[in-house]
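Work through the exercises below with the coordinates open, and try each task before reading its solution.

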Amino acid sequence: MKKWVVLLLAGLMVMLVLSACGTKSQEDVVKDLNGKLQQLKGYKVKAKMTLQMGTEPQSYEVEIWHKEPTYYRVDLKNAQKDQSQMILRNDDGVFVLTPALNKSFRFQSDWPENSSQAYLYESLIEDIIEDKEAKFTSTKEHYVFETKTRYQNNKMLPLQEITLDKKNLTPVSVKVMDTDRKALVTVEFSDADFNATFEKKDFDMAKNMTGAQLEVPVMADLGDEEFTVKYPTAELPGVELIEEKPMETENGKRVILTYDGEKSFTLIQEKASVVPTTMVATTVSGEPTDLGFTIGAMSSNSLSWTYQGVDYTIASKDLAEEEMLMLARSVEVQGDMVK
């Protein structure tokens with residue numbers, strides 16, 4: 001009987017050893033990811049991005065192209081495909097295109113370097129490599145890392161869960177979480193091609209604007225159309241709306257919301273204008289900033305963006321960048337029509 005027990009235990013030990021032989025450690029996977037990063041020449045990836053920052057989740061389709069070393073094309077569309085924006089990086093700089101308004105903005109920026117980007121594969125790898133305290137789990141099909149984010153102001157979104165396919169280390173999903181570990185941004189990847197090849201012209205600003213406008217035509221004149229006043233649902237302690245002021249401009253109506261208290265800021269809204277067919281990129285100061293639903297421009301004292309035909313600006317000398325981002329992402333329809 002004792003002999004039978006000994007043989008059984010020995011068999012179990014052999015099975016455990018054999019099963020462990022095929023399991024990679026966290027260090028092994030990080031090493032493999034570093035090697036994949038060094039060999040990365042270009043890719044095309046599609047993804048679905050969902051934001052949980054308002055009362056209802058918002059979903060967007062994202063298509064990402066990357067060509068080493070610094071060419072990028074990120075095409076962002078909402079679920080109805082009636083709104084799109086594109087961010088490009090080429091030898092001339094970083095551009096944000098809004099095809100429906102025939103607008104293009106040029107940034108002197110090193111985007112996307114030195115900051116987390118939830119839909120860029122190489123950024124996710126760098127997040128994993130740089131976080132020496134990252135948590136690691138291995139499932140039947142996936143490797144899962146929980147890492148710190150590298151956003152410039154990461155207090156609002158400090159953590160992310162990155163899931164990779166075990167077979168080829170391609171991205172499966174990313175969940176960007178708040179301090180309560182609630183996923184506010186989720187990216188689900190599909191159709192990844194890591195052998196994609198590109199030509200330099202694939203990242204040309206004018207070519208991409210023309211191509212995008214075949215899918216989302218330039219809007220008609222927006223001057224006489226209505227727009228809806230919107231308010232941030234996120235709250236800052238000790239801050240409240242003290243004035244809502246409509247005013248006339250050369251292009252129509254503008255609404256200025258003034259908030260005051262422990263901190264103060266203004267939220268300016270006005271109907272966006274469609275620029276003439278002659279397309280010239282406007283140079284803007286600041287950094288392109290991903291709000292999830294659109295790309296904005298962040299400077300030291302302001303955050304500007306355009307969404308669904310309306311221009312928005314948050315201006316403040318009191319707010320931190322993360323607070324401006326939180327307010328912008330929480331803006332929702334709650335007001336009256338403005339003509």
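On a 1 Å grid over the protein atoms alone, a cavity is a set of points where a 1.4 Å probe fits but cannot get out, a pocket is an open set with protein on both sides within 12 Å along at least five of seven lines, and lining residues have an atom within 4 Å of a point. Grid points are joined across faces, edges and corners, and a volume is the space filled by probe spheres set on the points. The model is predicted, with local features needing pLDDT of at least 70 and side-chain atom pairs counting only at pLDDT 80 or more, while totals for chains, interfaces and linings use all residues. Residues are numbered from 1 along each chain as its sequence is written, and side-chain values use heavy atoms, with hydrogens and water left out.

**Exercise 1.** Count the cavities of 30 Å³ or more, and state which residues line the largest cavity.

*Solution.* The count comes to 3 cavities of 30 Å³ or more. The largest cavity has a volume of about 50 Å³, and its lining includes Tyr 60, Lys 77, Gln 83 and Phe 293.

**Exercise 2.** Describe the largest pocket by its volume and by the residues closest to its centre.

*Solution.* The volume of the largest pocket is about 620 Å³. Of its 31 lining residues, Ser 115, Gln 117, Tyr 151, Thr 289 and Asp 290 are the closest to the centre.

**Exercise 3.** Classify the ring pairs that Phe 194 forms with Tyr 43 and with Tyr 121.

*Solution.* Rings of Phe, Tyr and Trp (its six-membered ring) pair if their centres lie within 6.5 Å, with planes under 30 degrees apart counted as stacked, over 60 as edge-to-face and the rest as tilted. For Tyr 43 and Phe 194, the centres are 5.3 Å apart and the planes at 35°, so this pair is tilted. For Tyr 121 and Phe 194, the centres are 4.8 Å apart and the planes at 70°, so this pair is edge-to-face. As for burial (under 20% relative accessible area is buried, over 50% exposed, in between partly exposed, with a 1.4 Å probe and protein chains only), Tyr 121 counts as buried at 2% relative accessibility, and Phe 194 counts as buried at 17%.

**Exercise 4.** Which lysine lies over the face of Phe 194?

*Solution.* A charge sits over a ring if NZ of Lys or CZ of Arg is within 6 Å of the ring centre and within 35 degrees of the ring normal. Lys 36 lies over the face of Phe 194, at 5.5 Å from the ring centre.
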